[in-house]
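Here are some notes to read alongside the structure. Keep the viewer open and look up each residue as you go.

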Amino acid sequence: MSNQINESMSLAKPEANDLSIKQKVAVALGIIGLFIFGLAIFNTHFPNKTLFLTLSIGLITLGTILFANDAYLKKLEGIKNDGVWFKSISSRGVLGWMTGVLLTGFYIVLYFYPQYLGQTPSGEPNTGLISLFDPLSRLLSGNPASQWFVYGTLYTVAILVFGYKFMLKYRHNRYEQLRTASVMFFQLGFAFLIPEFMSRLNASSDYNLPYYDLKSMWPLNYYLFDSWSINGLLSSGALGLLMLLFGIISIFVISPFLTYKYGKRWYCSWVCGCGALAETAGDSFRQLSSKKLSAWKLERWLIHTVLVFSVVMTTAVIYTYLGDDPDTFWLTRSAFLLGVGILLTLVFSITMIFKRKELGKDARYGAIGYFVVIAVLFIMHYTGTSDKIFLIKASTLRSAYGLYIGSIFSGVIGTGFYPILGNRVWCRFGCPMAAILGFQQRMFSKFRITTNGGQCISCGNCSTYCEMGIDVRAYAQKGENIVRSSCVGCGICSAVCPRGVLKLENDTMEGRINSNEILLGNDVDLMTLINKK
Amino acid sequence: MEHIVIIGNGISGITTARHIRKLSDKKITIISAETDYFFSRTALMYVYMGHMKFEHTQPYENWFWKKNRIELKKGLVKHIDTEAKTLHFENTDSLKYDKLIIATGSKPNKFGWPGQDLKGVMGMYHKQDLENLEQHAPNNEICKRAVIVGGGLIGIELAEMLNSRNIPVTFLVREPSFWNGVLPDGESEMINRHIKNHHIDLRLSTNLKEIVSDESGRVKSIIIEGTNEEIPCNVVGLTAGVTPNIDFIKNSNIEIGKGVKVNRFLETNIPDIYAIGDCAEQHEAIGNRRPIEAVWYTGRMMGETLAQTICGNRMSYNPGHWFNSAKFLDIEYQTYGWVHSTKNKPDYEQHFHWKHEDDTKCITVSFNKNTNAFLGINTFGIRMKHETFDNWLTEKRDVDYVIKHLAEANFDPEFYKRHEPEILKTYTNHQLQKA
């Protein structure tokens, strides 16, 4: 057999284990639910929208729950990856590709052609799929639905029903269960219900709160500092100001502190909505992420480029928002720019002075390169060579970021390509928040994955099921701890390890990176010798 | 430049090659007839089960070997000419070496059962076995039932593999309880129940009499010794242990016993020829270890030791405290130090056994009943830290200390239920009853 073809080696037909009767019924129920959405898209006039909306979401939920019950509850507790690489949906087969194309298509329509879903100019009643969601939207916020409300509802339903499936699949593993309960809670409460209730408040003329997901932080929430957002918050009295302050404090205080204590996982796999979708609906695709060295190199360049883009864009947006006169408001454009410059220089210098050794060569060059770019921008501003970058171009930068990063990368590619590139494409290659938290995790977090002495048998389950494409085995077989910026702490490597070799831990900073190739089991002399060199 | 030739691309051979490269610039060639690239043999089962593709079992990307100047040669060695320092291959090729490392591993045991070479009879050791299994047991329509003969680790893994494709399995175990030549009775019995819970037809104290052929030379059924019961089946897995894979050495002047005889420096009787891993046999067993250790970890340690010797720092193979691990269907097993089975237990060895009420977790702590010294631990369903037990064994802690400090050794994931208080309580009651 050729290694080139990458066959699964299975002679079994793609679905070695046929669906049971119950599973077929469950699939049918789910498809009927989706079919109602399909009809709605083609402007079918339903006599009772509330009934049909309830019916479709109810059937999809019921179908998934019945399917999951039948798949997991009749077997003993344990790792359930049997046949993952034989199933068309989870091994880039026909079903996988179809799902990928459908999802991608949905995102393109959602972001760029919402009229196809029934979005109408403001003031006119919705049609199509969006109008089907009007009853629910009115119930929650009092307003008719929008394409974002439809998306938010479907997103939340996906996380809840697939979260249930995930919890059954890992019912022997309390870490996975608690983590999933947490993302389900934050999605339903913080990302979905609270913002809807908040727009109810806007009915009063005292309030003009923008739609605000409290748990979503800059730079993931890149619109926090947009003028409409800041104006909205500032015009909403103490509550709005408090929320703006909370947004800023969470960037500089809360998130670094939590990352120091628990690693970036407190956010990426316990709170974040993108992470929540990836961990629940995307769970069947985690094995598809590339573990090649080349993919790792691409990842490091791409994600940091997005971060730099996001920093420059945000700086420009805030800069434009501020005035020049120190008498009207203490924070002037110059003061702000100076502040940003000092902060960036500080972060850069501290890293280069104290943590230089922990960075790879390419990472060092990258960091210096990015720093130079930002420094040049500042110099250009102060020498007056070009104030366009920060003045006139701010809106262009902002809309470019929103289009390319916010929509295309995070949605169209990030989620649409789940069945092709794995479930954390966005988190791995594009999320600027993941880049910042990852940097903090790599530099000053107590979090690491520890390896249990010499028990690794290099089987490769950990690497295969790492959704972030980390070659966990490369570390485990050397007995090394794993301290990687990209690790979101999902805990699956530890769960699938047949020898109990991996454990996610928060421990002291000391001895966090043990680059000694300690193979316990050899006598002390050999260990000393190997550690010496 | 000195040419180091390694026969076998398993964990022993590859570890040696990697460490020789770290320490020197010698020319390295690795020979294998099995696969082009190194893969983790222990992971073959996951390929059949659909957890991984074959490429996932390869710890290094294909460019790794060229980059590290390790030459890979595919071929089957037929004869070693120790005088001319030359290897002769099946296809009339030959290769000269300066130093030769034999790391050819093992092959499944066959005990002369009638029908043991029929189509559909296989071991589960080589990649070819997996391809064979894929051909004879792709699903439960082509393979209506499989019979596994031999109650060890490979046997239960094969049972799990077939079970994952809903192929009914009959599992013949010669002993009265699964793997009880190694496991104490309490553990072995718990695993018996666990196997049956997976709807595997476990037959204890049962021997194979013969394998019956159909007209086309394929397996039709097996017959059990004593009762003469005939069980129709399409696949028979022979998993009654392994023997060193050294047939091609028999007509050379390298000294062999069951395996290639080596001293503590892993040297054979011929200068510049070494043997490591499953195929090496110590003249005298080291401590409680067997002269032939067919274990992943020992192969790796031997490889590392030998790389030192080859690179001018002659070093003896001096393994530390024994450890091993496995997984029985859904139950993980780890062992540190020595816990002997009930029937092989030396006089001085006494056991403390604790079992969780859910019947999937237990531990056995062995200690010297005269001195109370801690000797070893078996854990099922609870992960424990290697380093902690290694230290406790080196520090010669007593059993009371170990049980009281068991929490320090826990390696279970966060938020898992902890069992140390219950274990301590059981232990204290146990001690009180004795007093």
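This is a predicted model: local features need pLDDT of at least 70, side-chain atom pairs count only at pLDDT 80 or more; totals for chains, interfaces and linings use all residues.

1. Let us start with a sheet in chain B. Five strands form an open sheet in the order 21-22-25-24-23, and their pairing is antiparallel. At its edges sit strand 21 (323-328) and strand 23 (349-355) of chain B, each of which pairs on one side only. On average, neighbouring strands of this sheet are turned by 10 degrees against each other, with direction ignored.

2. Strand 23 of chain B pairs with strand 24 (residues 362-368) of chain B over seven bridges, in the antiparallel sense.

3. What lies across strand 21, strand 22 and strand 25 of chain B? Helix 8 (residues 386-394) of chain B does, and this helix runs at about 160 degrees to strand 25 (374-380).

4. Chain B also has an open sheet of five strands with parallel pairing, in the order 9-16-10-11-12. Here the edge strands are strand 9 (121-122) and strand 12 (201-203) of chain B. Strand 9 pairs with strand 16 (residues 235-238) of chain B in the parallel sense, over two bridges. Within strand 16, B:Gly237 is the bridge partner of B:Met122.

5. Next, a hairpin to trace by eye. Strand 4 (residues 77-81) and strand 5 (residues 86-89) of chain B run antiparallel and are joined by four bridges. B:Asp81 stands opposite B:Thr86 of strand 5. Between the two strands of this hairpin there are four residues, and B:Lys85 takes a positive phi near 50 degrees.

6. Over all chains, the count of salt bridges comes to 37. One of them joins the side chains of B:Arg69 and B:Asp25, at 3.5 Å from N to O. B:Arg69 lies in the loop between helix 3 (64-67) and strand 3 (70-74) of chain B, while B:Asp25 lies in the loop between helix 1 (11-23) and strand 2 (27-32), so this pair ties together parts that are 44 residues apart in sequence.

7. How do chain B and chain A meet? In chain B, 74 residues are in contact with 69 residues of chain A. The size of an interface is often given as the accessible area lost when the parts come together. For these two chains the buried area is about 5900 Å², and carbon and sulfur atoms give 49% of that area.

8. How many salt bridges cross the interface of chain B and chain A? The rule finds one. B:Glu414 forms a salt bridge with A:Arg265, with the closest N and O atoms 2.8 Å apart. Helix 7 (residues 296-310) of chain B gives the largest share of chain B's side, seven residues. By class, that side has 27 nonpolar, 24 polar and 23 charged residues.

9. Finally, a stop in chain A. A:Ser199 is found in helix 7 (residues 174-201) of chain A. Leaving out residues up to four places away in sequence, A:Ser199 touches A:Ser141 and A:Asn143. The C-alpha atoms of A:Ser199 and A:Trp301 are 39 Å apart, and these residues are 102 residues apart along the chain.

How values were computed
Residues are numbered from 1 along each chain as its sequence is written. Chains are lettered from A and ligands numbered from 1 in the order in which they are written. Side-chain values use heavy atoms; hydrogens and water are left out. Two strands pair if DSSP finds at least two bridges between them. Axes are lines fitted to C-alpha atoms, for helices over the stretch in contact, and angles run from 0 to 180 degrees between N-to-C directions. Contact means heavy atoms within 4.5 Å. Buried area is the accessible area (1.4 Å probe) that two parts lose on being put together, summed over both. A salt bridge is a side-chain nitrogen of Lys or Arg within 4 Å of a carboxyl oxygen of Asp or Glu. Ala, Val, Leu, Ile, Met, Phe, Trp, Tyr, Cys and Pro count as nonpolar, Asp, Glu, Lys and Arg as charged, and the others, Gly among them, as polar.
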